[in-house]
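This report describes selected features of a predicted model.

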Amino acid sequence: MDPQNELVDALQAIPWFQELSDEHFQKICAITHLVRVDKDTTIFAEGEQDENLYIVLEGRVAIEIYSPVRGRIRIFTAEPLDVVGWSSVTPVVRQRTASARAVLDSRLAAIDGLALRQLCDDDCELGYKIMRRIANVVAARLMVTRLQLLDVFGHPEKD
Amino acid sequence: MANARLDIGAKVAIKKPQLNILIAFLQDSGYLTIGPRVRDNAVTYAPIDTLEDLPRGYDSEQERAHYRLIRADHQRYFDAAPGSDSWKKFLFPPRSRLFEACRENGRWRTNLPAEQVPQYAFIGVRPCDLAAIRVQDHVFMRQDFVDPIYKARREKILILAVSCTHPNSTCFCTSMGTGPKATSGFDLSLTELEDVFLVEVGSEAGSGALQSLELDHATAYRLQLAETALQKAERSIQRRIENIEAVPELLHNNLEHPLWDEVGSHCLSCTNCTQVCPTCFCWDVEDLDDLSGDKTRRERIWDSCFNPSYSYIAGGNTRPTTKSRYRQWLTHKVSTWINQFGESGCVGCGRCITWCPAKIDITADIKKFQEATA
Amino acid sequence: MKPSIPVPAAAHQEDYLLSPYWAEITEIVPETDDTTTFWLELTDKELRDSYKFAAGQFNMLYLPGYGEAALSISSDPERPERIGHTIRFVGNVTHAIRRLRVGQTLGLRGPFGTAWPIAAYQGSDVAIAAGGIGLAPLRPVIYHIINHRQDYGNVTILYGARTPSDLLYTSEYAEWEENDIRVMVTVDRADESWQGQVGVVPMLFYRCRFDDQKTVVFSCGPEIMMRFVVFEGLARRISTDRIYLSLERNMKCGQGFCGHCQYGPYFICKDGPVYRFDQLEPYFNLEDL
């Protein structure tokens with residue numbers, strides 16, 4: 001299948017994209033490309049300046065943070081339709097704060113973050129939709145993080 | 001010469017010394033006669049043999065965190081209102097053995113205690129305490145499970161109730177519909193007048209107990225005196241819970257009300273109230289072994305929802321604050337007890353008010369909630 | 001019509017459900033570092049033949065000299081002659097049980113409590129959302145579903161634990177999947193040797209689809225986790241009378257009259273531990289109840 005068709009098909013399968021107008025869909029399509037990664041390949045590493053926003057289409061991607069004694073710790077895995085690298089839309093820190101590594105052979109849609117931010121500035125209507133979606137992604141991620149933080153399975157004190 | 005058998009509901013009068021004959025008859029029939037007596041400056045329930053053992057001529061002065069037994073200028077036997085004791089310690093003993101287990105040849109075996117269950121005759125049960133026995137009956141003897149310890153004692157009991165002609169100031173039986181007159185649940189019921197006891201027969205057993213006594217008539221005059229005395233008693237009760245039917249739902253719907261912080265802040269979590277309450281039924285288990293490790297026994301002991309370990313689960317305590325435990329006690333007693341057993345757990349005896357060292361008054365706290373949510 | 005929570009009658013109508021029967025340990029299966037399944041058989045043959053339990057119920061297991069612990073039954077209700085308890089070692093009694101060996105005896109009182117009303121949901125889709133040791137009281141439901149697979153629609157297990165080494169019953173997942181049960185597993189955190197998901201159980205709800213009219217949710221785990229599972233269920237428009245939780249409180253008698261396990265108006269040992277969520281709604285978010 002030619003790459004452009006493959007890209008369009010892939011994006012059209014994502015529910016959020018189905019709600020966009022044709023024009024908005026085309027604008028995002030134009031700044032997106034498909035990426036294939038083999039199992040165990042790093043997609044981006046901590047400290048890098050990767051600016052892409054990724055949507056997992058197939059496979060599984062782990063978010064990892066490295067610590068000297070404990071090694072690489074997996075703090076989250078993204079499944080198909082999950083977003084990875086949402087911080088490229090909210091660039092507070094200029095580098096990636098965690099690594100993304102494929103756990104299984106995966107296929108992702110990579111959206112150019114810089115271009116996306118420019119799109120949002122130019123087309124506020126589209127920008128609002130994108131930000132709202134990103135806010136939902138971050139909110140869901142925060143809920144997961146909070147529950148992990150609470151360590152609900154932590155071993156209770158012995159009496 | 002034995003009297004003709006009296007019907008249930010029949011009323012007679014007996015001169016006061018006749019009560020001695022009644023007690024003796026009960027003892028001859030195998031009953032352990034328990035009644036009020038003075039010990040350590042308070043009225044307690046203990047074995048009695050004759051009228052002389054009763055707290056004749058006493059009154060009790062009770063208020064928040066205040067109990068005094070005082071010598072009055074009357075000669076009545078049953079005026080002094082109950083102290084911290086209630087009849088629950090006989091039916092639901094503070095400590096009972098559940099079973100023993102011993103290990104022989106590596107195998108454990110259980111032995112159930114073959115105990116001698118005493119046959120009690122309760123002499124002088126106030127109407128509030130009668131109601132409390134009925135409330136505990138519904139807790140310990142239910143359709144799905146019957147506690148054998150309670151049942152073994154309960155089925156043997158003979159109850160001689162005494163209607164209350166001199167309630168004290170912490171009583172609020174009228175609000176709970178439990179007094180001051182004993183209306184049911186007794187074998188015999190007395191109302192004390194100056195010269196006689198008026199006796200109402202409540203059961204066959206009660207009728208039988210009167211057989212060898214010299215009976216007088218319950219004349220219209222005597223009945224009138226009793227009626228007047230009870231009406232006066234009813235009017236003398238100062239403490240009230242208004243609108244009691246709405247209280248369960250009121251508390252249930254206000255479990256997060258900020259008032260709990262206020263009322264709970266006085267509580268010391270000392271468990272006095274639960275010990276003196278005649279309906280409280282919570283208990284804990286204790287496992288006791290000997291040094292060999294081959295013999296152990298499990299006992300049941302009174303517990304209290306105010307004890308910190310009461311709500312402990314692995315990892316912590318689900319009611320870590322006094323305030324939460326106070327809320328549990330109050331809402332259980334007058335609200336959720338009704339969901340569980342179909343009636344209120346409170347009988348208005350006032351003991352918790354008298355014996356709380358922090359001067360907490362259940363009627364006042366309920367009133368605070370009623371006012372705060374009006 | 002809301003199915004009521006079934007409370008199966010006790011296997012034996014003795015006066016004295018306060019003293020235990022005796023059961024022999026026939027097999028000990030370590031599951032994780034701090035959790036082991038003990039398989040028991042009642043020593044008295046008549047009792048062994050008459051003992052029955054329903055999914056979700058628990059026994060009070062008694063270790064002479066140490067006391068009792070309320071432990072969920074985690075085995076197949078259709079094979080009640082072998083009673084399995086998956087026990088996490090968290091206190092005096094459970095640590096003492098840990099030292100026992102095959103052939104030794106334990107006291108047993110039970111079964112107590114309400115059951116998962118799985119039989120009332122024939123034809124429904126089932127979501128079993130469990131965390132940590134919470135999978136233990138739900139495993140009997142899984143056995144039941146496997147024994148009657150054609151009676152149920154889509155069945156999904158959403159299970160999470162702290163780390164991969166804390167997951168229970170991992171050797172059984174393949175068999176469950178062979179029985180057309182989707183098994184979704186996640187852990188709070190892992191190292192790079194873990195190929196599965198990292199996240200929390202409520203998050204798994206985002207990764208599958210539920211028919212809100214047909215699905216019933218059974219959940220057991222830490223209360224915080226159950227609270228979020230309820231959020232996710234309600235967000236997917238599953239009604240409050242199709243979400244069931246299993247609660248835990250201090251238990252001593254197991255029969256609703258020592259008072260310890262009270263939660264609002266409920267005795268968790270008697271009206272629970274399994275509750276329909278609408279029964280819990282007025283109380284679930286109250287602190288220190």
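## A buried glutamine in chain B

B:Q18 is buried because 20 other C-beta atoms lie within 10 Å, and a count of 20 or more places a residue in that class. The residue is found in helix 1 of chain B, which covers residues 18-28.

Leaving aside residues up to four places away in sequence, B:Q18 touches B:L213 and B:E214.

## Domains of chain B

Contact between the two involves 37 residues of domain 1 of chain B and 32 residues of domain 2 of chain B. On the domain 1 side, the elements of chain B that give two or more residues are strand 5 (66-71), strand 6 (95-104), helix 3 (127-140) and helix 5 (173-176). Strand 6 of chain B supplies the largest share of that side, with nine residues. By class, the side of domain 1 of chain B that touches domain 2 of chain B consists of 19 nonpolar, eleven polar and seven charged residues.

## Pairing of strand 6 in chain B

Strand 6 of chain B pairs with strand 14 of chain B (residues 295-302) in the antiparallel sense, over seven bridges. Within this pairing, B:K295 in strand 14 of chain B is the bridge partner of B:C102.

Strand 6 of chain B also pairs with strand 7 of chain B (residues 107-111), in the antiparallel sense and over five bridges. Here B:E100 stands opposite B:N111 in strand 7 of chain B. The hairpin of strands 6 and 7 of chain B has two residues between the strands, and B:N105 takes a positive phi near 55° in this hairpin.

## Domains of chain C

Chain C is divided into domain 1, residues 21-112, and domain 2, residues 118-246. The C-alpha centres of these domains of chain C lie 24 Å apart. Domain 1 of chain C and domain 2 of chain C each give 15 residues to the contact between them.

On the domain 1 side of this contact, strand 1 (21-32) and strand 5 of chain C are the elements that give two or more residues. The residues on that side of domain 1 of chain C divide into three nonpolar, seven polar and five charged.

## An open sheet in chain C

In chain C, six strands form an open sheet in the order 4-3-6-1-2-5, with antiparallel pairing. Strand 4 (67-72) and strand 5 (83-88) of chain C are the edge strands, each pairing on one side only. Neighbouring strands of the sheet are turned by 40° against each other on average, direction ignored.

One pairing in chain C joins strand 3 (residues 58-63) to strand 6 (residues 105-112) in the antiparallel sense, over four bridges. C:F58 has C:F112, in strand 6 of chain C, as its bridge partner.

## Contact between chains B and C

The contact between these chains takes 28 residues from chain C and 38 residues from chain B. On the side of chain C that touches chain B, twelve residues are nonpolar, eleven are polar and five are charged.

Note on methods:
Residues are numbered from 1 along each chain as its sequence is written. Chains are lettered from A and ligands numbered from 1 in the order in which they are written. This is a predicted model: local features need pLDDT of at least 70, side-chain atom pairs count only at pLDDT 80 or more; totals for chains, interfaces and linings use all residues. A residue is buried if 20 or more other C-beta atoms lie within 10 Å of its own, exposed if 12 or fewer, and partly exposed in between; C-beta atoms are placed from the backbone. Two residues are in contact if their C-beta atoms, placed from the backbone, lie within 7 Å. Two strands pair if DSSP finds at least two bridges between them. Axes are lines fitted to C-alpha atoms, for helices over the stretch in contact, and angles run from 0 to 180 degrees between N-to-C directions. Ala, Val, Leu, Ile, Met, Phe, Trp, Tyr, Cys and Pro count as nonpolar, Asp, Glu, Lys and Arg as charged, and the others, Gly among them, as polar. Domain bounds come from an automatic or database domain assignment.
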